[in-house]
Amino acid sequence: MKVIIASDHGGFNLKNSIVQKLQDTGVDITDFGPDSDDSVDYPDFARPVAEKVASGEYDRGILICGTGIGMSITANKVRNIRCALVHDTFSAKATRAHNDSNMLAMGERVIGPGLADDIVDIWLNTEYEGGRHERRVCKIEE
């Protein structure tokens with residue numbers, strides 16, 4: 001699985017923590033930036049990352065800003081992206097199992113690195129259930 005991650009300045013530290021954890025566990029992770037915590041505009045990172053996931057260049061994408069809200073709104077403007085804003089483990093599992101989410105958004109100012117690591121691990125390792133959920137996901141794509 002190929003994963004791409006990006007943040008803005010408000011999510012920079014959490015992004016770096018997640019990148020390190022995923023590298024340590026052997027996940028094929030690409031850090032799209034930014035390279036510092038200098039102020040940047042989140043759409044400049046969210047949109048290109050979402051486009052790379054939508055094109056199939058990457059299987060999944062992770063976006064982090066202060067709250068995760070701006071990143072998720074921006075990503076969901078891209079066709080074929082289902083970006084879920086998640087701050088708990090139950091939602092991380094449910095959004096993969098039921099919504100086949102291909103992007104995850106989180107907020108550094110909302111959760112800490114330990115919980116974020118758990119969310120990412122669950123989200124990356126939960127399979128989409130399909131079945132009764134398939135028609136709903138198709139309706140999202142329509």
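In which helix is Asp-121 found?

A: The model is predicted. Asp-121 is found in helix H5, which covers residues 113-125. Asp-121 counts as partly exposed because its relative accessibility is 41%, and the range for that label lies between 20% and 50%. Asp-121 and Arg-79 are 42 residues apart in sequence, and their C-alpha atoms are 25 Å apart in space.

Next come the contacts between charged side chains. The count for the structure is five salt bridges, each with a side-chain nitrogen of Lys or Arg within 4 Å of a carboxyl oxygen of Asp or Glu. One of them joins Lys-15 and Asp-31, with 2.9 Å from N to O. This pair links distant parts of the chain, since Lys-15 is in helix H1 (residues 12-24) and Asp-31 is in strand S2, 16 residues apart. Lys-15 is buried, at 0% relative accessible area, whereas Asp-31 is partly exposed, at 35%.

Arg-47 and Glu-51 are four residues apart in helix H2, so about one helical turn separates them. Both ends are partly exposed: Arg-47 has a relative accessible area of 36% and Glu-51 has 38%.

Arg-82 and Asp-100 also form a salt bridge, at 3.4 Å from N to O. Arg-82 is in the loop between H3 and strand S4 (83-85), and Asp-100 is in the loop between helix H4 (89-99) and strand S5 (103-107), so this pair ties together parts 18 residues apart in sequence. Arg-82 is buried, with a relative accessible area of 14%. Through salt bridges that share partners, Arg-82, Arg-96 and Asp-100 belong to one network.

Charged groups also meet rings. Arg-60 lies over the face of Trp-123, 5.0 Å from the ring centre. The charged end of Lys-2 sits over the ring of Tyr-58, at 4.9 Å from the centre of that ring.

Phe-32 is in the loop between strand S2 (28-31) and helix H2 (43-54), while Phe-45 is in helix H2, 13 residues apart from Phe-32. Phe-32 is partly exposed, at 31% relative accessible area, but Phe-45 is buried, at 14%.

On the surface, Ile-69, Ile-73 and Leu-85 form a nonpolar patch with about 260 Å² of accessible area together. Ile-73 lies in helix H3, residues 69-75, and is partly exposed with a relative accessible area of 49%.

Cysteines remain. The count of disulfides is zero. Cys-65 is in no disulfide, and the nearest cysteine sulfur, that of Cys-83, is 9.6 Å away. That is too far for a bond, because a disulfide needs the two sulfur atoms within 2.5 Å. Both cysteines are buried, Cys-65 at 4% relative accessibility and Cys-83 at 9%.

Note on methods. Residues numbered from 1 in each chain as written. Predicted model: local features only at pLDDT ≥ 70, side-chain atom pairs only at ≥ 80, totals over all residues. Heavy atoms only, no water. Buried < 20%, exposed > 50% of the residue type's maximum accessible area, 1.4 Å probe, protein only. Patch = residues over 30% accessible without salt bridge, like charges linked within 9 Å, V, L, I, M, F, W, Y side chains within 5 Å. Areas by Shrake-Rupley, 256 points an atom, 1.4 Å probe, with all protein chains shown as cover. Helix = DSSP H or I, 4+ residues; strand = E, 2+ residues; numbered from the N terminus. Lys NZ or Arg CZ within 6 Å of the ring centre and 35° of its normal.
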